[in-house]
Amino acid sequence: KSSSGDGSEPFQMTANEWEKARDCHHPGDSVYIILRVAHVRDNPKITDVIIDPFGLYSAGQVGVVSRDMWVYVGLPQSVNDLADDPQPPDSPTESV
């Protein structure tokens with residue numbers, strides 16, 4: 001997942017991506033990994049490696065707003081906080 005910003009903003013996942021992350025969470029041969037790439041327009045850098053986002057969500061370490069599928073890296077925010085600002089100021093672009 002890429003962004004023209006610093007990579008700290010939330011990013012969008014499709015329902016299919018989230019389902020795949022959930023499927024990979026169960027014991028087996030697959031692991032779902034998200035690489036966050038920031039500053040893609042001028043100086044691309046990997047800023048985060050998210051291993052098993054569904055497992056992190058289950059453990060309360062990342063937040064997900066299911067109606068929009070925005071994934072927040074770090075401590076989950078309350079749904080009420082997200083309702084006040086449903087779109088990040090610098091909407092990320094999807095690549096990877």
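Predicted model: local features only at pLDDT ≥ 70, side-chain atom pairs only at ≥ 80, totals over all residues.

1. A residue counts as buried when its relative accessible area is under 20%, as exposed when that area is over 50%, and as partly exposed in between. Lys1, at 8% relative accessibility, therefore counts as buried.

2. Overall architecture. The chain contains 3 helices and 5 strands. Read from the N terminus, these elements follow the order β-α-β-β-α-β-β-α. The chain has 96 residues, of which 34% count as buried.

3. The structure has 3 salt bridges by the rule applied. In one of them Lys1 is joined to Glu17, with 2.9 Å between the closest N and O atoms. This pair links distant parts of the chain, since Lys1 belongs to the segment before β1 (11-12) and Glu17 to helix α1, 16 residues apart. Glu17 has a relative accessibility of 15% and so counts as buried. The two side chains are also listed as making a polar contact, at 2.9 Å.

4. Salt bridge between Glu9 and Arg36. Here the side chains meet with an N to O distance of 3.7 Å. Because Glu9 lies in the segment before β1 and Arg36 in strand β2, the pair ties together parts that are 27 residues apart in sequence. Glu9 and Arg36 are both buried.

5. Which residue does the side chain of Glu19 meet in a salt bridge? The partner is Arg22, at 2.8 Å from N to O. Glu19 and Arg22 are 3 residues apart in helix α1, which means that about one helical turn separates them. Glu19, at 35% relative accessibility, counts as partly exposed, and Arg22, at 34%, also counts as partly exposed. The side chains of Arg22 and Glu19 make a polar contact as well, again given as 2.8 Å.

6. A pair of aromatic rings is described by the distance of the centres and the angle of the planes. The structure holds 3 aromatic pairs. For Trp18 and Tyr57 the ring centres are 5.7 Å apart and the planes stand at 80°, so this pair is edge-to-face; planes over 60 degrees apart are classed in that way. Trp18 lies in helix α1 (residues 15-25) and Tyr57 in helix α2 (residues 53-58), so the pair ties together parts that are 39 residues apart in sequence. Trp18 is buried, with a relative accessible area of 10%, whereas Tyr57, at 39%, counts as partly exposed.

7. Aromatic pair within helix α2. Phe54 and Tyr57 form a tilted pair, with 6.3 Å from centre to centre and 50° between the planes. Both residues lie in helix α2, 3 residues apart, or about one turn of the helix. Phe54 has a relative accessible area of 16% and is therefore buried. Trp18, Phe54 and Tyr57 together form one aromatic cluster.

8. In soluble globular proteins, nonpolar side chains tend to be buried together. In this model the largest nonpolar core has 10 residues in all: Phe11, Met13, Trp18, Ala21, Cys24, Tyr32, Ile34, Ile50, Phe54 and Val64. Helix α1 provides the largest share of this core, with 3 residues.

9. Where in the chain does the largest share of the nonpolar patch come from? The patch lies on the surface and consists of Val31, Ile33, Leu35, Ile46, Val49 and Ile51, with about 540 Å² of accessible area together. The elements giving two or more residues to the patch are β2 (33-38) and β3 (45-51). The largest share, 3 residues, comes from β3. Leu35, one of the patch residues, is found in strand β2 and is partly exposed, with a relative accessible area of 33%.

Definitions and conventions. Residues numbered from 1 in each chain as written. Heavy atoms only, no water. Phe/Tyr/Trp six-rings, centres within 6.5 Å; stacked < 30°, edge-to-face > 60°. Helix = DSSP H or I, 4+ residues; strand = E, 2+ residues; numbered from the N terminus. Buried < 20%, exposed > 50% of the residue type's maximum accessible area, 1.4 Å probe, protein only. Polar contact = N/O pair within 3.5 Å; in protein donor to acceptor, adjacent residues only side chain to side chain. Patch = residues over 30% accessible without salt bridge, like charges linked within 9 Å, V, L, I, M, F, W, Y side chains within 5 Å. Areas by Shrake-Rupley, 256 points an atom, 1.4 Å probe, with all protein chains shown as cover. Salt bridge = Lys/Arg side-chain N within 4 Å of Asp/Glu carboxyl O. Core = buried A, V, L, I, M, F, W, Y, C linked by side-chain atoms within 4.5 Å.
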